[in-house]
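Dear colleague,

I am passing on the structure that follows, together with notes on what was found in it. Please look at it first and then read on.

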Number of protein chains: 2
Amino acid sequence: MGYVIDEIDQQIMRLLQHHARMPIVQISKEVNMSQPSVKERILKLEENGVISGYSTIYDLAKLNRGTTTFILLKTEHCEEFVHFCEQAIEVTDLYRISGEYNYLIKVQTATIEELAEFQDSLVKLGPSKSHISMKNIMEHRVLL
Amino acid sequence: MGYVIDEIDQQIMRLLQHHARMPIVQISKEVNMSQPSVKERILKLEENGVISGYSTIYDLAKLNRGTTTFILLKTEHCEEFVHFCEQAIEVTDLYRISGEYNYLIKVQTATIEELAEFQDSLVKLGPSKSHISMKNIMEHRVLL
DNA sequence: CCTGAAAATAGAACCGC
DNA sequence: GCGGTTCTATTTTCAGG
């Protein structure tokens, strides 16, 4: 194996983490290195799969999806459930988990009423347990 | 309120969602619109806070953080717990939730052994319940 | 890993609907 | 208000060392 991420790579990665559209010139200034060198480092991080993509973060409240809920669900119809989640716009995250429940999903709805409707569509698939987020304190942090 | 996101904005947002570094020229070709117009639309989405940022996605396995676990925790020392999470590199997400438990955190560790160590550092803060992710089927999806 | 050129992209000013 | 065209500045890419 062995892709070595050195201190400069980490600096670059910390900058890119929350500023994915930052121009390479600016990154190169911050890490005191020439543009082509920084570009090559980023390219290698991409090629090695350390960087797996660049995403845009949307304010879900502005998209009428401001209510975050985590739902644990136990089902015997796994394929059906996964397929259901893939075409349900409310579901943003889906994990196969260990323990009493099969799956954990993260759901974004406009309101609690809409959440209730979503839960209704879930009951036929199996028992579930919901935890509404009252505050999203931290999200998507990888590096300090 | 009232920021109207039309069909073209949505097209742009769908493109940017998973390709945040895509050049504006390329976006403008895909949506059949001039470069400055696309740029202005993106600027407005940023100004209105619909776009709240651009982030880089890292392969956590490549960073020796490939084990994903969700931990529900009940504590009476909220401030202390939040502060603990903020300085704990393992914690990537932190939510204040309703229900039997106070908080839900997402934790990324190298191995299950490391997870156990992390859990040890948590016991003094209150009772908790862990769900290890055996498969991350979907993450961070907002738009279809 | 750096420098220096050419090429591509982004940004600004202005025009028309 | 919205989008298009042109021109300029910046950034990226590609030589070569």
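**The surface around the DNA**

Of the atoms of DNA strand C that come within 4 Å of the protein, 78% belong to sugar and phosphate.

Please keep in mind that this is a predicted model, in which local features need pLDDT of at least 70 and side-chain atom pairs count only at pLDDT 80 or more, while totals for chains, interfaces and linings use all residues. Residues are numbered from 1 along each chain as its sequence is written, chains are lettered from A and ligands numbered from 1 in the order in which they are written, and side-chain values use heavy atoms, with hydrogens and water left out.

The side chain of A:Ser37 places an N or O atom 2.5 Å from a phosphate oxygen of DNA strand C, that of A:Arg41 has a polar atom 3.1 Å from a phosphate oxygen, and that of B:Lys39 has an N or O atom 3.0 Å from one. Two or more residues of the surface near DNA strand C are given by helix 3 (35-47) of chain A, and likewise by helix 2 (24-30) and helix 3 (35-47) of chain B, where helices (H or I, at least four residues) and strands (E, at least two) are DSSP runs numbered from the N terminus.

By class, this surface has six nonpolar, three polar and two charged residues; Ala, Val, Leu, Ile, Met, Phe, Trp, Tyr, Cys and Pro count as nonpolar, Asp, Glu, Lys and Arg as charged, and the others, Gly among them, as polar.

**Pocket and cavities**

The search used a 1 Å grid over the protein atoms alone, where a cavity is a set of points at which a 1.4 Å probe fits but cannot get out, a pocket is an open set with protein on both sides within 12 Å along at least five of seven lines, and lining residues have an atom within 4 Å of a point. The largest pocket holds about 780 Å³ of space, a volume being the space filled by probe spheres set on the points, which are joined across faces, edges and corners. Its lining has 43 residues, and A:Ser55, A:Ile57, A:His140, B:Ile57 and B:His140 lie nearest the centre. Strand 1 of chain A gives the largest share of that lining, seven residues, and by class the lining has 11 nonpolar, 22 polar and 10 charged residues.

In the whole structure, two cavities of 30 Å³ or more were found. The largest cavity, of about 90 Å³, has a lining that includes A:His140 and B:His140 along with A:Lys106 and B:Lys106, and its residues divide into five nonpolar, two polar and four charged.

**Helix 4 of chain B**

In helix 4 (residues 78-87) of chain B, the buried residues are B:Phe81, B:Val82, B:Phe84 and B:Cys85, where buried means under 20% relative accessible area, exposed over 50% and partly exposed in between (1.4 Å probe, protein chains only). These residues lie on the same side of helix 4 of chain B because they cover an arc of only 160° around the axis, the arc being that of the directions from the helix axis to the C-beta atoms. The face turned away from the buried side carries the exposed residues B:Glu79 and B:His83.

With best wishes

Note on methods
Near = heavy atom within 4 Å. Polar contact = N/O pair within 3.5 Å; in protein donor to acceptor, adjacent residues only side chain to side chain.
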